[in-house]
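This report describes a model and the confidence attached to it. The sequence and structure are shown first.

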Amino acid sequence: MSARTLNLSINAFFIVVCLLIALPFVLVVSISLTSEDSLHQFGYQFLPHTWSWEAYRIVFEKPDSLLRAYGVTAFITVVGTVASLLLTAMIAYPISRRDFHYNRPLTFYVFFTMLFNGGLIPFYILMTQYLHLKNSLAALIIPSLMSPFNIMIMKGFLDKISPEIVESAKIDGAREFRIFFRIVLPLSTPALATLGLFIAFGYWNEWYNALLFIDDDKYIPLQLLLVRILSQAEFLANSPMAEVSDKLRFAQFPTLSVRMAMAIVASGPMLIVFPFFQRYFVKGIAVGSLKG
Amino acid sequence: METGMPEPAKRRTRSRGKADAARPAAQSRIRREIRMFRKNRELLVLALPGILFKLVIAYVPMVGLILAFKNFRYDQGLFGSKWVGLDNFEFLFKAQDAFRIIRNTLLYNFTYIVTGTVAALLFALLLNELSGRMIKMYQTTMFLPFFLSMVLVGYIGNAFLDFDNGYLNKLLGYVGISPHNWYLEKTPWIFILPLVALWKGVGFSTLVYYAGITGISPDYYEAATLDGATRVQMMLRITLPLLKPLVIILFILGLGNIFRGDFGLHYFIPNNAGPNFPTTDIIDTYVYRALTKLGDINSAAAVGFLQSVVGLVTVVSANSIVRRIDRDNALF
């Protein structure tokens, strides 16, 4: 096989792989753009029989719950990311300082939580019975505030700051707090941006803690809203009374295309932002994977 | 390099230490610790919020592992509840659930590790044979599912698996196979779940391996080209052997985490539908259901205890194997 045919066949291979990966997502978009009638008649199709913006019109016509969920998600993403970055950097910086006397025990203290944990049930009891955080925004932010993995990545970045800079600042009489906030943090802006993106994506996609701690409609983030929509619809479809209740209740729940439109609207911003930031992710992965 | 302390001062301390040799060693050690503490206290204060946070969120729940040996009641609390010895474990293993969820967790995770590694390695090697702009595009496309939340993946799964409208049943209809009610069946999940896991994760792992390949020094390839090696030879004789440590390490670390299941994958894709539990339920989903539905919190605590402890053992042993292969790449 010549180099040219080899090249062509590898390209063909990847085009097929990429199609297989992208098409499932395209299907959801298509469904959201298909008229409800043709969905009932023909099922889900990649090329809608009849195109329609109806689903999106319905979503935006009564956007109350969607807007509130957007607000919750935006809030936890912004507050969570800022707080998480600050806390992570504040503990990663001493660990990264080779002249810090408690370097090794502190590293172990952080790292051990990556290897061992109390598991879901003790954590749930702590959060609800002792910290009383059920149904609060804090319950969505706190659990993922300090991931040991992020601390290790941050430490990897901070390792690269040359000790001479810190040294000379000390000679000038600067104290550690000042050095950290005035020199180290500004110097690590690229690192903070990369890690901040990771953290922000995590908060935007947050559903786990919401599933555990949120019942109150006021605090439902986007992903939990999607969970509820899908499980309600599925419950109806699979319950023995489905046929009886179908006609009666169908109107109360989002119809097929609206459901998918909701999913698209909820994850849209992420998908638009994602390609632009992929570069940073790749950098972060390279750092994180080569030495965690 | 020791910082802060000027050289003469250090010498002075040392000589004074020698002169007072009669003084108990412990006392001088305490003194040194106090001095060290004062020297490092600012950095310590900087780390303090994080230390306290970890203490409450990560370390305090470890105490809760004792629940596995108690009959927990919300009104009696963690410490008030009665000790019951190994009763929770006995109940757990009698109920047969334990066997099922542990088997599912282990088998699925093992499948994910193997299929993920093989596919990602293959993709990375092939990507490396290409040049130009297309690489970026392939990477971006393959990476996309990684950023979708499992909830959204559940929606995508539903678009395929829905009984009435799903695309899969439609495809099967074309070849004359009658529609399946996927959410109510058991066997298909053995294939569906690994497929979804691969779809979601392969882009990420490919990037990791591809980053590893691009880290290989070009000198090897130049020398091989001079000797007239073909590209396939270079792939098999240079790239693969040099990538082997990374592959082995990630594989073993994956095995180390084999007791920790992917809750999102096993909860949203099978849509938490009872009839498919025999082939989809894993430790993590079981514990979650026991906690939130009216299930049995005591056996959930018992299985959670097993997961934490056995998980620690597997991670530590996986790491010690990695250490033996290549010290630099061990986690700790």
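## A loop residue in chain B

Lys186(B) sits in the loop that joins helix H8 (167-174) to helix H9 (189-214) of chain B. Helices here are DSSP runs of H or I with at least four residues, strands are runs of E with at least two, and both are numbered from the N terminus. This is a predicted model, in which local features need pLDDT of at least 70 and side-chain atom pairs count only at pLDDT 80 or more, while totals for chains, interfaces and linings use all residues. Residues are numbered from 1 along each chain as its sequence is written, and chains are lettered from A and ligands numbered from 1 in the order in which they are written.

Lys186(B) counts as exposed because it has 12 C-beta neighbours inside 10 Å. Beyond its neighbours within four places in sequence, Lys186(B) contacts Asn276(B), Pro278(B) and Thr279(B); a contact is a pair of residues whose C-beta atoms, placed from the backbone, lie within 7 Å. Thr280(B) is 94 residues from Lys186(B) in sequence, with a C-alpha to C-alpha distance of 8.0 Å.

## Chain A

Chain A has 15 helices and zero strands. It has 292 residues, of which 38% count as buried. Of the contacts in chain A with a separation of 6 or more, 70% are between residues 24 or more positions apart.

The end C-alpha atoms of residues 69-94 of chain A are 38 Å apart, and this span is 100% helix and 0% strand. For residues 106-125 of chain A the end C-alpha atoms are 27 Å apart, and the span is 80% helix and 0% strand.

## The contact between the chains

Chain B contributes 73 residues to the contact and chain A contributes 77 residues. On the side of chain B that touches chain A, the largest share, 18 residues, comes from helix H2 (residues 25-63) of chain B.

## Confidence

The model has ipTM 0.86 and pTM 0.86. The mean pLDDT (the predictor's confidence in each residue, from 0 to 100) is 86 for chain B, where 92% of the residues score at least 70. Residues 1-15 of chain B have pLDDT below 50, and this stretch has six contacts in the model beyond near neighbours in sequence. Where pLDDT is low, the predicted coordinates should not be read in detail.

Key: A residue is buried if 20 or more other C-beta atoms lie within 10 Å of its own, exposed if 12 or fewer, and partly exposed in between; C-beta atoms are placed from the backbone. Two residues are in contact if their C-beta atoms, placed from the backbone, lie within 7 Å.
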